[in-house]
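Thanks for coming. I will show one structure today and walk through where its ligand sits.

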Amino acid sequence: MIKGIIFDLDGVLVFTDEYHYLAWQKVFDKYNLFFDRNMNQKLRGVSRKESLEIVLRENKISMDETQKEKLLKEKNDIYIQFLEEKLTPEVIPQTTREVLSSLREKGFKLAIGSSSKNTPLILKRTELLPYFDAISDGNMIQNSKPDPEVFLKAASLLHLSPQECVVVEDGEAGIVAAIRGGFMPFGIGKEISPSLPYRPISSLNDLLCFNF
Ligand code: B16
Ligand code: MG
């Protein structure tokens with residue numbers, strides 16, 4: 001029986017994915033590294049550090065650790081500037097809050113399972129924090145999606161087993177993480193390979209129609 005719902009953050013509850021893209025684009029342009037929207041799709045749900053490794057691999061370029069840290073800090077500074085300029089409670093559609101409230105009223109425990117180290121800032125700025133019983137994010141894990149660690153941590157904070165939880169994701173790395181962890185994955189958006197065993201949904205509203 002399903003008792004918990006674990007939500008990815010970026011691309012599911014908040015649309016900060018465009019800010020990630022723009023911030024990466026700015027730093028990769030500065031460092032003369034090739035990067036486009038296609039490559040950006042591979043970074044969904046992947047940690048900041050691993051995202052850089054993917055782009056370096058695609059460009060067949062190596063970088064020393066100090067330079068990597070510098071680039072990562074520059075990217076995050078630009079990203080945070082976007083969050084501070086653009087992220088207000090109003091950017092969250094009212095329907096998102098209504099769906100979260102309805103799921104809570106139905107008795108589900110809700111958690112966040114996000115790779116982002118900026119999760120606390122995002123939840124504060126959007127005023128989404130009160131809807132969740134547990135937060136598992138990039139600050140609390142060693143291994144990023146597609147490793148299941150972030151979702152296993154979320155389930156354990158809810159005192160539930162993976163079989164008692166579903167995961168809602170927009171990224172392929174997150175769907176793979178959910179499957180590896182033993183969770184039933186729901187996929188939102190167009191970026192997930194149809195060959196993966198997940199249940200597609202077109203909006204969060206669809207979650208209210210499922211008889212878990
Ligand atoms: P940060 P999610 C992920 O969030 C993003 O999809 C991914 O693009 C980003 O690199 C990662 O968080 C780390 O974010 O730089 O803020 O720590 O989709 O797992 O909620
Ligand atoms: Mg995501």
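**Ligand and domains**

In this predicted model, the shell around ligand 1 takes at least three residues from each of domain 1 (4-14 + 91-209) and domain 2 (17-86); the bounds come from an automatic or database domain assignment. The centres of domain 1 and domain 2, taken over C-alpha atoms, are 23 Å apart. To their contact, domain 1 gives 15 residues and domain 2 gives 14 residues, with contact meaning heavy atoms within 4.5 Å.

Some housekeeping. Residues are numbered from 1 along each chain as its sequence is written, and chains are lettered from A and ligands numbered from 1 in the order in which they are written. Local features need pLDDT of at least 70, side-chain atom pairs count only at pLDDT 80 or more, totals for chains, interfaces and linings use all residues, and side-chain values use heavy atoms, with hydrogens and water left out.

Now the shell. Ligand 1 is surrounded by 18 residues, the closest being D10, R48, S116, K117 and N118; a residue counts if one of its heavy atoms lies within 4 Å. By type, the shell has four nonpolar, eight polar and six charged residues, with Gly counted as polar.

Which polar side-chain atom lies 2.7 Å from an oxygen atom of ligand 1? That atom belongs to S114. A backbone N or O atom of G45 is 2.8 Å from a ligand 1 oxygen atom, and one of L9 is 3.2 Å from a ligand 1 oxygen atom; a polar contact is a pair of N or O atoms within 3.5 Å.

Notes:
Polar contact = N/O pair within 3.5 Å; in protein donor to acceptor, adjacent residues only side chain to side chain.
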